[in-house]
Amino acid sequence: QPQRLEDLKILKSLKLKEEKEGKVDDGNDKSSALQLWDMGYYMRKYKATLGVDEAELREYFPLDHVKKEILSIYQELLGLRFER
């Protein structure tokens, strides 16, 4: 929980910074509130400040392999069976 709250503070500060710079104006009085639809955008902005390159990460996690492994985990943990 504490890490989640810290992460939300960081995302909100990124939004506030953009609002002060005039980059965000959604015409809403509560525009500084972090909305659900803001999360993906500000998470990408935050990752960029950390030097995380999502395109480079994809090289290490091929989609077909990841899907296969996730489904395998679900089958094992939840007793599900996936068929094509």
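**Helix α1 and a tyrosine pair**

Helix α1 runs over residues 2-20, a total of 19 residues. At 1.5 Å a residue, α1 should span 27 Å. The model is a predicted one.

The buried residues of α1 are Leu 11, Leu 14, Lys 15, Glu 18 and Glu 19. These residues cover an arc of only 140 degrees around the axis, so they lie on the same side of α1. The cover over the buried residues of α1 includes helix α2, residues 39-50. The other side of α1 holds exposed residues: Pro 2, Lys 9, Lys 17 and Lys 20. After α1 comes Gly 22. The phi of Gly 22 is positive, near 80 degrees.

Aromatic rings were examined next. Two values describe a pair of such rings: the distance of the centres and the angle of the planes. The count comes to 1 aromatic pair. The pair is formed by Tyr 41 and Tyr 42. Their ring centres are 4.7 Å apart, and their planes stand at 85 degrees. Planes over 60 degrees apart count as edge-to-face, so the pair of Tyr 41 and Tyr 42 is edge-to-face. Tyr 41 has a relative accessible area of 38% and is partly exposed. Tyr 42 has a relative accessibility of 2% and counts as buried.

Conventions. Residues are numbered from 1 along each chain as its sequence is written. This is a predicted model: local features need pLDDT of at least 70, side-chain atom pairs count only at pLDDT 80 or more; totals for chains, interfaces and linings use all residues. Side-chain values use heavy atoms; hydrogens and water are left out. Rings of Phe, Tyr and Trp (its six-membered ring) pair if their centres lie within 6.5 Å; planes under 30 degrees apart count as stacked, over 60 as edge-to-face and the rest as tilted. Buried means under 20% relative accessible area, exposed over 50%, partly exposed in between (1.4 Å probe, protein chains only). Helices (H or I, at least four residues) and strands (E, at least two) are DSSP runs, numbered from the N terminus. The expected span of a helix is 1.5 Å times one less than its number of residues. The arc is that of the directions from the helix axis to the C-beta atoms. Contact means heavy atoms within 4.5 Å.
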